[in-house]
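Notebook open, structure on screen. Here is what I looked up, entry by entry.

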Amino acid sequence: MKKITRKTVALAVAACMMVPACAGLAACGGGSADSFTIWISPNSALWEEYQDLTLNPVIQYLDYKFDIDLQFQIPISGSEKEQFTVLTTGTDCPDVMDLSYYSGSVTDLVEDGVAVDLTEYIYPESGESLFPNYAGYLDKTPDVKSLISSLDHKFPTLYTIDDALRAPWGGYMYRKDLVFKYKSADDKFTLDGKEVNPATWQSEEDIVFPSGAKAPDLISDYDWLFQVLQRAVDAGELDYCTSIFYPGYLETGDIVSAWGISASWYKTVENGKTVVKYGGMSDEFKEYIKKIKEWYDKGYIDKDFSSRTNDMFFAINSESYTRGRTGCFYGTDNLLGNLLATAGDDVDQNIDMRAAYMPRLSKDMEPTVFYAATQINRNLMVTSSAMNKNYEKLFAALDYLYGEEGSLLTRFGLNKEQYAELKDAGVTNFWDAEVNLTQDELALAGVTESTQKLSDIGVYHLDEASGKYVYWSDIETDYVKQGYEMCASAMCFWGLAGVSKMKYMHMSDARYEAQYEIWTAYEPTGNIDMSYPAKLTSEENSDYVINYNSLTDYMATEVPKFIKGTKSLDSDWKSFCNSQIMKGCNKNLAYLQKIFDALA
Amino acid sequence: MEEKVLAGERTESIPPKEKKPKKENKFIKDFKQNWRLHIIILPVLAFFIIFSYFPMIGIITAFLDYRPTRGIFKSEWVGFKYFGQIFSDAQFALVFRNTCVMACLNLFFGLVIPVIFALLLSEVKIKWLNRPIQICSYLPNFVAAVVVCNIVINFLATNGVVTNIFVAFGAERENILSDPKYFWGINTVVNLWQGMGYAAIVFTAAIQNVNQDLHEAAVLDGANRWQRMWHITLPGILPMIVTMLVLKTGLMFSTGFDNILLLYMPSTYETADVISTYTYRMSLGGGNQYGFSAAVGLFQSVISTVLLVLSNWLSGKLAKTSLF
Amino acid sequence: MKKEKSVKISTGMVEHPSVGRIVFLVVDIILLLGIAFVCILPLWHVIMASISDGYALYTTKSLLFVPAGKISFEGFSKVIALSQVWKGYGMTLVYVVSSTVLGVFLTMCGGYYLSKKTLWTKFISILILLTMMFNGGLVPTYMVLRTLGLLNTPFAIIIPGCTNAIYIMMAMTAFRNVPPSIEEAATLDGCGHWRMMFQISFPMAKGIMMVVAMNCVVMQWNSWFPASIYLTTARDLWPLQLVMKELMNTYSESNILKTLPIDFDKFVIQYVLIVISTIPILIACPFFQRYFGDMTVGGVKE
């Protein structure tokens with residue numbers, strides 16, 4: 001190597017070593033007794049408004065009101081679990097940590113001294129509770145209380161709670177316009193003694209299903225629906241009538257619930273006692289598979305269903321349904337109506353997606369085991385490193401979010417008075433984010449550039465007269481006139497501890513109200529939420545999880561075989577059941593029963 | 001008598017010394033005499049000791065009821081409990097078989113095909129053709145596995161391009177990816193697609209490093225292309241081939257399985273499931289799997305080491321060059 | 001007289017090709033071009049996808065030879081405007097250069113040392129090879145770094161992964177190939193080990209060493225996982241791939257599907273991110289290729 005190049009390389013190496021050293025020094029920071037770090041994983045697109053959460057005005061208000069300094073660490077998707085593991089090994093881990101990516105037992109964390117058992121602060125033996133709002137809310141809502149309490153009736157962690165079940169973001173839907181297009185006199189049926197001839201229907205609103213409902217209700221309605229949609233498939237307008245999730249059933253119980261059971265564990269109440277049952281070996285499950293097989297043989301079901309393992313259950317074969325080529329499927333509410341038709345520029349179709357009821361066998365029963373969100377969202381633990389600081393302030397700040405004021409704060413941002421207060425105190429960088437309004441709406445509000453700051457437009461404030469939170473502006477935008485309650489997403493910060501006001505949460509469109517009613521016709525009382533197995537001890541939890549994974553793995557391989565006919569429902573059913581027992585379905589049943597007995 | 005190993009020497013041309021009674025003295029004497037050489041390795045050793053050997057203490061968690069929050073010292077000793085769990089699992093034999101088969105396929109084709117490709121490429125001496133072809137060949141290595149696998153899924157779908165070709169040759173029309181009997185072939189081809197060009201780079205460099213004088217001399221002696229390739233080029237790159245072979249044998253159980261996670265599905269589990277994907281699925285959502293996964297890792301490491309030593313010894317015997 | 005086409009074998013030598021030779025060459029070239037075509041497909045698909053129209057892209061799941069729908073540079077303009085992307089580029093550059101220089105240096109030392117046969121050689125090679133086979137796991141490595149105080153500093157990225165057993169073995173093979181005559185000649189001129197390594201042996205083994213260097217560069221360029229674990233608080237130190245991963249998550253399919261109405265432009269962004277993070281390395285690789293065939297012959301009379 002020439003002398004010159006060698007020297008250059010040496011200099012380059014030295015320079016490269018210096019830069020990181022300087023950068024490293026700059027990155028060092030201290031933590032005072034009032035500064036708390038929160039490790040939390042992002043939960044939705046709402047967070048993308050703020051790359052740095054300390055700029056969110058809600059956080060700034062909390063800092064101001066409780067005289068603390070909240071910092072955030074957000075793990076990268078893909079390495080949350082690993083990050084959680086390494087952070088909890090040290091003594092300097094973040095003060096508040098999200099347990100979404102921790103699947104072990106909370107008692108382990110308390111035992112090892114990582115998590116602080118908050119029960120003594122929430123429900124102290126003597127003295128004042130440091131979490132009055134939280135304790136008060138739990139006492140008011142015993143259902144939620146039992147959902148989050150541990151087996152020995154303790155409350156070691158904080159939960160993020162919704163004050164009501166949120167509006168469903170999805171459900172079964174079908175193409176009503178195609179039902180209208182392909183109706184024929186061959187589909188006639190008798191209803192209440194009178195004959196109904198589909199050929200006489202004049203518009204979509206005339207459509208009535210054989211059970212009498214306006215949307216598919218009974219399994220027999222679905223049979224009828226697929227019969228009609230099959231003509232659309234034959235005509236080339238659809239790829240197939242319906243899709244099912246790759247294991248052949250949905251673990252949450254949808255559709256299987258029509259037979260009154262679920263393919264896995266579910267609960268019923270008998271004589272006032274909660275009884276856990278397992279449906280994978282029952283005759284009803286066999287009937288379910290028979291029905292699906294019947295549909296599969298008739299060609300109603302996507303032939304490739306078992307290979308779509310990378311798709312979500314609400315988005316099976318997106319290439320097909322986004323072009324409106326799936327007749328009936330479990331989808332998200334943003335596909336309702338004719339939104340699909342307007343998605344692309346050159347798509348010129350008349351698509352009308354409408355909600356369908358969760359199917360049931362007959363009118364005298366209701367499905368009880370199907371997917372539904374629960375009221376509890378996120379589990380946060382306070383770590384022992386917080387106890388070396390002024391933890392009372394932290395507790396006060398977190399507890400504030402469970403009160404009326406706090407939950408409105410996180411939902412809507414600051415009101416007028418608070419904004420003025422903070423501005424006087426010298427806070428300036430509130431409004432860096434863009435607003436979720438269109439050009440026209442902004443123009444109406446008197447803003448000429450689309451990236452104008454919120455400070456010129458205003459925020460929500462509590463209107464004393466109506467008692468509702470309204471968009472604070474001197475000009476009423478079109479949205480407000482139509483009665484929509486929209487929130488500027490930059491302002492809200494739900495996801496940290498607290499109670500979220502569900503009524504205002506969903507940016508619901510009045511068009512969908514009717515559909516939501518169909519989707520919320522039943523209550524998922526049979527569901528066993530994921531938080532229940534987490535209450536087991538560490539050993540039991542490990543065993544439960546191994547059995548669970550092994551069993552679902554097996555079912556995902558076997559049930560499609562029954563549906564496709566590679567295995568026979570008559571001769572192979574017995575060994576199918578035996579394998580399930582060997583993989584531990586009854587052991588897990590015992591664990592779950594034990595949990596419910598302890599909580600009773 | 002020159003006992004020092006000079007920079008220029010590599011063979012044992014040290015004349016015989018007098019026999020010393022203790023064995024250590026031989027090593028210490030060697031160190032004292034060649035200390036200038038031995039200093040060179042010190043930074044490397046320090047690096048490996050700090051960043052590889054200190055953490056290796058963590059292997060002991062395979063025998064403990066370990067929780068990271070509890071630490072190693074407070075965790076109970078459970079001996080071979082996890083290993084017992086591994087071997088008693090009914091699926092294990094199947095999973096292990098799949099792992100071995102696919103590892104062997106990856107190893108064999110992952111070595112033979114790049115070498116052939118490098119040889120073919122080096123025959124094309126036209127620079128403006130050679131360079132772009134080589135660049136194109138290693139491009140797939142940089143495209144994320146997800147993208148490549150999406151393309152593969154699309155090609156092998158019921159109406160996919162490759163499926164159509166198969167049907168033209170008389171196979172029945174189905175989603176090829178859902179058929180267990182094709183999976184081994186698919187996985188090998190996808191790994192080759194991604195890795196061949198990149199692996200061939202080493203061999204291309206080695207081929208170009210072969211002494212041109214030898215080629216000239218061979219042509220003067222009347223050797224043709226094939227004879228030159230067989231007698232000069234191949235022996236010239238044989239050390240590199242052996243190096244890569246031995247190294248890859250050591251790694252064959254730990255690499256080449258990333259694509260499987262993206263391409264497999266329940267209907268192909270019987271041939272596609274490997275140790276890493278099986279343990280991943282079984283520990284999904286599980287809490288304390290640390291000891292268990294450490295045990296699985298240790299099991300794989302031990303097997304890999306045995307294979308490494310074996311292949312090194314074999315190549316020493318058969319090809320007269322070995323790695324160590 | 002028929003002019004025969006001659007092929008240069010090396011300086012000073014020509015060979016007169018036969019018919020068989022030409023046939024072989026033609027078949028060879030066609031085969032290689034076919035392979036090159038197949039290999040360029042994934043990247044071409046990604047590039048085409050990144051300038052496609054969002055909705056068209058989402059609905060066509062097949063391989064793209066031309067952009068789906070109408071060409072739009074929306075995705076690019078959105079991503080380029082983000083400041084953290086440029087910060088990520090900067091940090092990655094620092095990491096790549098530092099790590100490669102350190103890595104090549106250590107690899108060179110290791111390879112040179114192992115190419116000499118001393119009594120210690122076998123023992124040290126086994127020591128180094130064992131590090132490739134046995135891994136303590138994530139938590140112990142993290143603890144070592146924490147004890148050393150390297151967490152949340154750039155050194156946590158530069159040092160731990162800069163070299164490994166494979167590169168050292170490759171370097172050893174390269175150094176073994178250096179003709180002993182040259183080294184003997186240098187020793188006679190009074191050359192010590194260090195000078196020998198840098199000035200004599202390294203240039204002779206440059207081909208393979210450049211491969212090692214390129215491997216270091218590529219590995220460092222593509223790595224994001226160590227940064228996500230070791231740089232939890234220091235966001236300014238994040239390499240490009242980690243920034244990309246974070247953005248990918250924001251623009252992931254499930255997030256997009258849940259908003260109202262669906263903003264299909266966001267699907268393009270995933271591909272834009274891949275293009276932005278891959279293109280630089282693709283430009284750098286051919287640059288390394290130049291050195292592969294670099295050979296200095298001569299200096300010694302046989």
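How many helices and strands does the secondary structure of chain B come to? I got 14 helices and two strands, counting DSSP runs numbered from the N terminus (H or I of at least four residues for helices, E of at least two for strands).

A note on what I'm looking at: this is a predicted model, where local features need pLDDT of at least 70, side-chain atom pairs count only at pLDDT 80 or more, and totals for chains, interfaces and linings use all residues. Residues are numbered from 1 along each chain as its sequence is written, while chains are lettered from A and ligands numbered from 1 in the order written.

Then I turned to chain C against chain B. The contact takes 79 residues from chain C and 78 from chain B (in contact: C-beta atoms, placed from the backbone, within 7 Å). On the chain C side, helix α1 (residues 19–50) gives the largest share, 14 residues.

Last, I looked at a helix pair. The axes of α3 (residues 80–87) of chain A and α6 (residues 138–148) of chain C come within 10 Å and cross at roughly 55° (axes are lines fitted to C-alpha atoms over the stretch in contact, with angles from 0 to 180 degrees between N-to-C directions).

Conventions:
Contact = placed C-beta atoms within 7 Å.
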